[in-house]
Structures are given as C-alpha cells and as structure tokens.
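User: Hi! Could you help me find my way around this structure?
Analyst: Happy to. Here it is, and then we can go through it together.
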2 protein chains.
Amino acid sequence: MKFKVKDMDIATGGTLVAILNENDAKKLDLHSGDRILVKDHNKEITCILDLSESRKAVPEGSIGLFEEVLDRLQVRNGSIVNIKFTGKPESVTHIRDKLFGKRLHYQELYHIVDDITNDRLTDIEKTYFVAASFTHGLSIEETVDLTRAMVETGKKIKFASTTLDKHCIGGIPGNRTTMIVIPIVAAAGLTIPKTSSRAITSPAGTADTMECLANVELPEEKIKSIVRKTHACIVHGGSMNLAPADDKIIEVEQPLSIDAEGQLLASVLAKKLSVSASHILIDIPMGKSTKANTWKKAKHLRTKFEGIGKKLGMNIRVIITDGSQPIGNGIGPLLEAEDVLAILQNKPEAPADLRKKSLMLAGLLLEMGGGYRNGLKAATEILESGQAWRQMKKIIQAQGPRTMPQRGRCTWAVRSGKIGRVHEINNESIAKIARIAGAPFDKGAGLRLAKKVHDPVQRGDLLYTIYAESGFKLNLAKNFVYHDKGYKIQ
Amino acid sequence: MKFKVKDMDIATGGTLVAILNENDAKKLDLHSGDRILVKDHNKEITCILDLSESRKAVPEGSIGLFEEVLDRLQVRNGSIVNIKFTGKPESVTHIRDKLFGKRLHYQELYHIVDDITNDRLTDIEKTYFVAASFTHGLSIEETVDLTRAMVETGKKIKFASTTLDKHCIGGIPGNRTTMIVIPIVAAAGLTIPKTSSRAITSPAGTADTMECLANVELPEEKIKSIVRKTHACIVHGGSMNLAPADDKIIEVEQPLSIDAEGQLLASVLAKKLSVSASHILIDIPMGKSTKANTWKKAKHLRTKFEGIGKKLGMNIRVIITDGSQPIGNGIGPLLEAEDVLAILQNKPEAPADLRKKSLMLAGLLLEMGGGYRNGLKAATEILESGQAWRQMKKIIQAQGPRTMPQRGRCTWAVRSGKIGRVHEINNESIAKIARIAGAPFDKGAGLRLAKKVHDPVQRGDLLYTIYAESGFKLNLAKNFVYHDKGYKIQ
C-alpha cells in the first residue's frame with residue numbers, strides 16, 4: 001500500500017510513530033497502536049500507528065512521519081513509501097500473561113525489556129507491564145531475570161580490578177555521602193567507579209552536586225582512564241546507556257508515583273551489574289517520607305536485596321539508616337557541595353551528621369572490599385589526614401574542574417515563631433521548598449538549615465535560609481513556606 | 001508565566017494537550033503528564049503537558065497547542081497566554097488506591113469516570129485504572145457504582161412506556177438476531193428502542209448491517225419520534241453519548257485484548273440504564289472463541305448480570321446459547337442483512353439456525369415484558385403472519401430507507417479438499433477472512449457459508465463463497481485462506 005509522506009515537523013524523542021488518516025486506517029482494518037512496517041527502497045522501519053481524525057493534519061493517502069523516522073528512512077515531505085501491517089511484538093503477549101498472573105521466564109522478560117529499550121512498546125503496553133508486575137508482584141527468580149535482561153540490553157563496562165559500589169535508595173534531602181565516601185575508599189587504593197543520577201523529584205542528585213565541582217558527562221573511554229588514574233569517578237550515569245530500560249520504566253511509574261518493589265530491586269542491581277561491581281553497600285534510609293517507612297519494610301527490602309544479590313553473584317551488604325530528617329545542612333546542588341567540601345577539608349563548620357554517616361559507610365566498604373578489620377578507624381584517618389581531600393582533588397582534576405557557581409543572590413530567612421525544641425523536619429516539605437526556589441536546575445538555589453531535630457529554639461531563631469537566583473522564584477518559595485514551613489516546634 | 005502560542009496544526013480529537021520545550025519544563029519543575037492551566041483573558045483550560053526535545057517543534061518560550069485548545073481559548077499562532085501549574089485530578093489518587101487493592105466507592109468511581117469522559121486523564125493513568133480493576137477485580141458494589149457513574153456522566157433518554165432491551169455479549173460471526181427480534185417484539189406493541197454498535201473487531205455490528213437498509217445515525221429527537229410511531233428503532237448508539245466513558249475504557253483494553261469482567265458488566269448495563277430499559281434479555285453465546293468459553297464462566301457471568309441488575313432495579317434474564325459456530329449464512333453487513341430479510345419475509349432459503357434462535361429470544365422478551373404465556377408460539381405467529389416484516393418496513397421507513405448495496409463483485413469459492421463431515425468451524429478465522437475481504441467497511445464484502453457443523457461434504461463441495469469489492473482484497477483473503485480455511489472436515 002503506497003502513501004505520500006507528510007513531514008510532521010515534530011521530534012518525539014522516543015517511540016517511532018506514523019500517523020494515518022482515520023478513514024485510511026478503517027479501510028485497512030488498522031487500529032491505533034497497531035504496528036506497521038514503513039518501507040522505502042531498501043530501508044524499512046517498524047512504527048507504532050497513530051490516527052488523525054482531521055484531514056488538515058494527515059489527509060487520506062498520506063502518512064505523517066516524525067523526524068526520527070524521516071531520518072532513518074532518509075525520506076522527506078512528498079516521498080512515496082510503502083506500508084505493511086506487521087503484528088504486535090511478541091512481548092505484548094508476555095505482558096498479557098503477566099496481567100493474568102503468570103510467572104515470566106528469562107526469555108519472556110528479555111523480550112519485554114528489549115522492546116522497552118528500543119521504544120517498540122506504547123505507553124499503554126508499558127503501563128500494563130508495570131501495573132501487572134506491581135499488583136501480582138515479581139518473584140525472586142523474576143527479579144533476577146529482569147535484572148539480567150536489563151543488563152544485557154544495555155552497555156556493560158568492565159574495570160581491571162575488583163570493583164566496589166554504593167547505593168542509597170533515597171528519599172532524604174541533603175545526604176550527599178557519595179562525594180565523601182568515594183574519595184576515602186579510592187584513597188585506600190580500592191576501585192570504586194560511581195555512576196550517579198540527576199534529581200528527578202528531589203532538589204539535587206549526586207550528579208547535580210558533583211557538577212558544581214567537575215564535569216560529570218563523560219564518554220566511556222574517558223571514564224575508564226579516570227578510574228585507572230584515580231581508582232574512582234563520580235559521573236552521571238544517565239547518558240552512559242547502562243540498563244537503559246530502567247529509565248523508561250520509571251517514566252511510566254511516575255504519573256502514579258508507584259514504586260514496584262521488583263522493579264526497584266532490578267533497577268538498582270542492574271546498574272551495578274552493568275559496571276561489573278562485585279561488592280555493593282546499599283543504604284536504606286528509614287523515615288516517614290522514604291520508600292522503606294517502617295522497620296518491617298526496611299528489613300524486608302534488605303532480605304530481598306541480599307537474596308537477589310546472592311543469585312546474581314554479588315556481595316551485597318545492606319545498612320538501614322536514620323531517614324527521619326535531612327542529613328547535612330545544605331539542600332540543593334551548590335549548598336550540598338559546600339557541605340561536602342567542608343567535611344573533606346576538615347573545616348569546623350562541617351555538618352557532623354553527614355560526616356559521621358559518610359565515615360561509617362566508607363568504613364564498611366573498606367571492610368568489605370579491602371580486608372580492613374576496623375574500617376571506621378581507617379576511614380577516619382584517611383579523612384583527617386587530608387588524603388581523602390587530595391584524592392577528591394585528583395578526581396576533580398581528572399574529570400575536568402568547573403568553576404563553582406555562586407549561592408543564589410536572593411535570600412530569605414525563615415525563623416521560629418515560638419520557643420521549644422525542633423520536634424520534626426518534614427523531608428518532603430523541605431525538598432519541595434528547595435525545588436520551588438529553583439533547585440536542581442539553578443545550581444545555587446536551595447536551603448541551608450540552621451536547626452536540626454532536638455535542637456532547642458528561641459522565638460525568632462533562624463531555622464533555615466532560602467537561596468534563589470531570582471526574586472520571582474524566591475517569592476514562590478515564600479508563598480509555599482507561608483502554608484508549610486516544614487518544621488514542627490514543640 | 002507567559003508563553004507564545006505555536007499552532008501545531010494537528011487535531012488530536014481527544015485529550016487536551018499542551019507542549020512545552022523540555023528546557024522550559026525543567027526550569028518550571030514540570031513533567032510530562034503534569035496538568036497546566038492555560039489562560040487567555042477570561043478563558044482558561046486545563047491541559048495535559050507533553051514535552052518537546054526539539055527546538056524546531058516547540059522552541060523555548062513557546063507553547064504548542066492543538067486545534068481543540070486553540071478553538072476553546074480562541075487564540076492563534078503568536079498569541080501570548082499565561083500558564084499555571086495545577087495538580088493532577090483527584091481521580092488519579094483513586095486510581096492509585098485501586099492499584100493498591102482498595103475498594104472504591106461511588107464518589108471515587110464517579111470522579112474517575114467523569115475525568116475519563118472529559119478526556120482529563122492520560123493513557124497511562126487510564127491504563128492503570130483498567131489494569132488495577134482487572135487484576136484486583138471489581139466487587140458487585142463497585143460494578144454497580146461504576147455502572148451508575150457511567151450513566152450519570154452521559155446522556156439519558158426516557159421513553160413513555162415500559163422499555164425492553166436485548167443484548168448479546170458477542171463473539172459469533174453472523175448471529176444478527178436483533179434485526180428479527182426487534183420487529184417481532186414491536187409488532188406485539190411493546191417498546192424496544194435498540195441502540196447498537198458498529199463492528200470493532202468483528203466483520204459487522206448490528207448498526208453496520210441495519211445501515212444496508214436504513215439510516216442509523218439519528219439525532220435524539222428523531223429517535224424518540226420513531227419510537228413513538230413504531231415502538232422501536234435499530235440505530236447506532238455510538239454517537240448518542242450514552243455512557244461515553246465506556247468506549248474510552250475499551251480503547252485502553254484493546255491493545256492487550258483484555259476484557260475486565262467488571263467493566264464488561266458495567267459497559268452493557270450502563271448503556272441499557274441510559275435508555276431507561278427495565279426488562280433486559282442478555283444472550284451469552286458459549287463457544288471456544290467467545291468471552292464465556294466454558295459453562296462455568298458462562299454461568300458465573302449469568303449470576304453476576306442477574307445480581308447487579310437486581311441492585312440496579314432492572315429485570316434481567318440471561319440465556320446461555322450455542323456459540324460454537326457462526327449463526328446464519330451471511331458474514332458481513334449486506335450478506336447478514338440478506339439473511340435477516342429472508343427470515344422476515346418467510347423465504348425458503350432463510351437460515352434455520354438464525355430463525356430459530358431469533359424466535360426463541362423474541363419469545364422470551366414477549367414473556368418478560370408482555371405477559372405472554374407461550375412467547376415462542378406468539379413470536380412464531382407474528383413472524384409467519386408477515387406482521388414482523390410489516391413492522392420492520394415501518395421502522396425502516398421511519399429511520400429513512402437506504403438503497404441496498406450490492407454484493408462484492410469479486411468472488412471466490414472455497415471448496416472441501418476431502419470427504420467427510422464438517423467437524424468444526426473456527427469463528428475467529430471466519431471473522432478474520434471476512435474482515436480481510438473488506439467487511440465491515442465495504443458493505444458488500446464478506447462470506448456466505450454453504451455448510452455448517454455436522455453437514456456431510458464431498459470432495460469439491462462448496463464450503464463458502466468470499467465476496468470482495470476489489471481483486472486486491474479478494475487476493476489478501478485468498479492468501480489467508482491458503483493457510484487457514486476455518487473449516488475442519490473429518
């Protein structure tokens with residue numbers, strides 16, 4: 001069947017879509033979501049069909065194509081292409097099976113993950129997979145298989161020596177331990193190449209914070225050479241194509257803010273397996289606003305991580321930490337980077353909670369991968385002697401240093417309205433305020449906390465300062481604080 | 001926040017969408033699927049946000065709008081509009097609750113259905129609702145509430161007298177009983193306004209077949225006057241806005257061909273309740289390719305229909321019928337209309353199976369709504385005396401008669417390759433062949449069956465004739481038949 005190409009002048013940036021006029025589709029018995037093969041001479045490409053009701057957008061006899069398809073087929077407005085109906089990908093059958101409660105095997109999960117990676121499934125089909133995995137759950141075997149499939153469908157990087165890694169399942173503002181732990185462990189001569197994420201719903205991810213000091217978007221070869229030189233790196237994993245299906249699954253989870261356990265486990269472990277990490281420390285903060293908000297859930301997650309890690313041949317240690325309030329004083333990329341530097345440089349203003357937690361994590365990693373008897377002691381020595389800071393400078397130098405941004409020039413002090421003690425700090429409110437003020441997009445935006453839980457406060461005492469890069473955003477943040485300060489004083 | 005309108009020159013025909021450049025969205029902390037309020041002077045409209053990676057499609061500072069939004073806001077290319085973040089509709093929270101297994105109440109289901117009706121939910125959000133309802137199931141109470149919500153969010157029509165209705169849950173090619181049952185029941189003076197659907201995945205819906213004889217797309221006032229005159233109508237319900245959420249839910253079920261029981265029940269009953277039907281006969285064909293493919297499933301569905309009908313104050317009778325093979329000889333709009341006319345006109349070539357089943361259904365309706373003791377006898381008399389045919393002519397006249405289309409001029413005879421008996425006719429294959437030949441879009445396309453199950457056949461005997469309106473489509477059908485004839489001879 002021949003159709004005339006109409007250049008829709010849009011780049012979707014994902015799924016390959018072709019649009020036919022509704023009447024043509026009726027005649028051909030095609031439906032929205034069907035797959036069609038679009039052919040021109042020797043090139044062909046499978047697209048997901050979308051329908052247009054209007055003749056204006058796509059008239060009968062025409063086929064609307066987006067940039068990605070036009071480029072791959074090397075056709076343009078007015079070209080004639082052939083189309084042919086092709087069935088849905090086999091993975092749709094497996095998704096249907098999962099919806100009916102069937103357990104999936106490796107090959108089936110591989111098909112699904114491969115099709116997700118290559119944008120061959122529609123949002124509706126992907127959502128059914130996530131919903132079915134969520135409501136029926138994934139067994140240990142399915143989670144292991146899903147993890148393996150995610151690794152196989154992405155890039156894999158191998159380093160010369162035993163590779164350590166750490167991961168925090170998140171939910172706590174501040175908490176920038178990675179940038180302290182990595183230089184300590186690397187200074188001890190252990191290999192710990194860290195790929196981190198940018199913030200999705202939080203005020204800063206490790207990649208956003210590290211970017212205040214050094215480049216984090218680096219090609220694979222460069223990363224390998226940095227790790228050879230410094231035993232470590234702190235880079236953005238997003239562009240490295242490690243287990244790329246993961247991000248595409250998360251996109252579908254976000255609209256309902258669901259966190260399917262099996263997918264969380266697979267997501268974390270696939271990224272680690274992709275960089276051949278063999279010794280992994282996982283930090284599960286427990287608190288009201290975290291994924292593991294009860295002891296039961298946190299311990300359940302620990303058991304799962306350890307069990308699945310074992311089946312994947314990984315040495316996993318899980319630690320459950322206090323997630324009841326922000327860790328460190330800065331919230332937002334630059335303000336968190338300042339905390340990190342103060343700790344690495346052993347400055348008196350360094351936040352004690354972030355320092356203590358980082359040393360504990362670094363100590364555990366030294367014991368796991370370096371055979372240290374008293375890791376905490378060793379980690380403390382490496383930090384206090386300035387070795388960690390020297391190591392961090394080497395890492396920054398190797399990744400390419402950046403001029404540190406400035407704190408947001410618009411500030412506002414939030415003060416206590418009463419006398420008492422800080423009874424609670426709401427992680428979600430604090431994160432929200434920092435984001436409204438501009439973090440993580442505005443590097444210098446965010447909060448600097450002056451009080452933590454249990455601190456005594458007088459009326460008028462500073463609780464925190466908001467930093468924003470424009471008066472407009474500061475005002476938006478102020479408006480939020482007017483309704484919700486995030487602090488409970490009793 | 002002010003943005004410059006870019007007319008995307010596309011009509012989506014559904015959801016109201018606005019597109020921002022990815023970088024603008026990042027700055028504003030907005031994500032794909034978020035809701036934004038787009039304002040111009042006094043008009044405002046809530047849109048679902050989509051993101052563009054390319055500057056070509058939507059540059060920074062611009063907002064891409066589709067026809068529907070441009071029309072409602074009365075803005076055009078280059079206008080300046082204000083945008084504001086608004087939260088997701090409350091119904092998203094209820095969908096999330098259902099995903100976690102919570103039972104929903106009327107108000108919650110109403111919110112969901114109302115938002116679906118008004119295109120306020122994304123495909124992902126709708127899919128979560130369908131998937132959650134499917135995996136967790138809907139309780140009797142939830143199904144009743146869903147039905148009521150579907151009715152409340154659509155048009156309701158009330159007729160002067162007690163209203164009868166019939167429904168078949170489908171899956172059988174041919175089986176055009178409605179067009180025989182309705183004139184019989186109406187000839188007895190009972191009110192039976194029938195709204196039917198067009199084919200979605202079958203070779204013909206009742207509306208497609210009736211359209212060979214009369215207009216089926218009629219405005220509400222016209223339908224009321226037809227029913228006053230003739231006690232009946234056989235029209236297309238699709239454009240009448242009865243329980244419109246139903247079609248939008250089905251759209252999301254189709255990609256995975258799932259049929260959530262609760263939604264099926266609500267779908268059927270909501271359409272009936274919308275036309276104030278109080279006595280309803282439901283036909284559940286049982287066979288390999290039907291929704292109820294075992295006795296257990298068919299009886300389970302019967303119990304559900306009766307139980308839910310009771311709670312909705314409807315008198316429902318459910319009959320389980322033979323769904324093992326096509327009913328009648330014609331498959332496709334015109335070929336089925338021919339069967340109907342032959343029966344109504346008491347012609348000798350009338351297919352006995354379709355006639356018998358139609359009389360049985362009509363008889364049951366006469367007993368349910370007309371107080372007849374022996375409905376079958378009364379129905380047979382009405383048919384044989386020519387009263388039913390006279391009534392049908394009145395209905396056709398009132399709806400506006402149409403010239404009957406011709407049978408497809410390209411034909412091909414499919415013959416038996418061996419001697420024996422017809423052991424099985426595969427409903428799905430037969431439907432597929434008719435659709436490939438052009439039905440229901442080409443009215444005269446389809447199949448005319450010459451043999452039914454248990455019929456003896458000689459080698460070379462005609463099994464069926466394929467009709468198509470073009471040699472091209474006939475060839476496509478031939479190619480299919482080459483692999484799968486749809487008949488099993490033993």
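Analyst: One term before we start: two residues are in contact if their C-beta atoms, placed from the backbone, lie within 7 Å. Also keep in mind that this is a predicted model.
User: Okay! Using that, what does Val185(A) touch?
Analyst: Leaving out residues up to four places away in sequence, Val185(A) touches Leu164(A), Leu190(A), Ile192(A), Ala362(A), Leu365(A) and Leu366(A).
User: Which residues touch the most other members of the largest nonpolar core?
Analyst: Val185(A) is one of them, along with Ile184(A), Ala437(A), Ile184(B), Val185(B) and Ala437(B). That core has 265 residues. As background, nonpolar side chains in soluble globular proteins tend to be buried together.
User: New topic: how many residues of each chain are in contact with the other chain?
Analyst: On chain B there are 36, in contact with 36 residues of chain A.
User: And which helices of chain B each supply at least two residues to that side?
Analyst: Those are helix H1 (22-27), helix H3 (91-99) and helix H5 (123-136) of chain B. H5(B) gives the most to the side that touches chain A, with ten residues. By class, that side of chain B has 16 nonpolar, nine polar and eleven charged residues.
User: What about domains in chain A?
Analyst: The domain assignment gives domain 1 (2-86), domain 2 (91-137), domain 3 (164-239 + 263-399) and domain 4 (410-489). Taken over C-alpha atoms, the centres of domain 1 and domain 2 of chain A are separated by 26 Å.
User: In what order do the six strands of the chain A barrel come?
Analyst: The barrel closes in the order S1-S5-S2-S4-S3-S6, with mixed pairing. Direction ignored, neighbouring strands of this sheet are turned by 45° against each other on average.
User: How do S2 and S5 of chain A run, parallel or antiparallel?
Analyst: They run antiparallel, and three bridges join strand S2 (residues 17-21) to strand S5 (residues 62-65). For example, Ala18(A) has Leu65(A) in S5(A) as its bridge partner.
User: Last one: why is Thr411(B) partly exposed?
Analyst: Because Thr411(B) has 13 other C-beta atoms within 10 Å. A residue counts as buried with 20 or more, as exposed with 12 or fewer, and as partly exposed in between.
User: Where does Thr411(B) lie, and what does Thr411(B) touch?
Analyst: Thr411(B) lies in strand S13 (residues 410-415) of chain B. Not counting residues up to four places away in sequence, Thr411(B) touches Thr465(B), Ile466(B) and Tyr467(B). The C-alpha atoms of Thr411(B) and Glu469(B) are separated by 8.7 Å, and these residues are 58 residues apart along the chain.
User: Thanks, that helps!

Definitions and conventions. Residues are numbered from 1 along each chain as its sequence is written. Chains are lettered from A and ligands numbered from 1 in the order in which they are written. This is a predicted model: local features need pLDDT of at least 70, side-chain atom pairs count only at pLDDT 80 or more; totals for chains, interfaces and linings use all residues. Helices (H or I, at least four residues) and strands (E, at least two) are DSSP runs, numbered from the N terminus. Ala, Val, Leu, Ile, Met, Phe, Trp, Tyr, Cys and Pro count as nonpolar, Asp, Glu, Lys and Arg as charged, and the others, Gly among them, as polar. Domain bounds come from an automatic or database domain assignment. A nonpolar core is a set of buried Ala, Val, Leu, Ile, Met, Phe, Trp, Tyr and Cys residues joined through C-beta atoms within 7 Å. Two strands pair if DSSP finds at least two bridges between them. Axes are lines fitted to C-alpha atoms, for helices over the stretch in contact, and angles run from 0 to 180 degrees between N-to-C directions.
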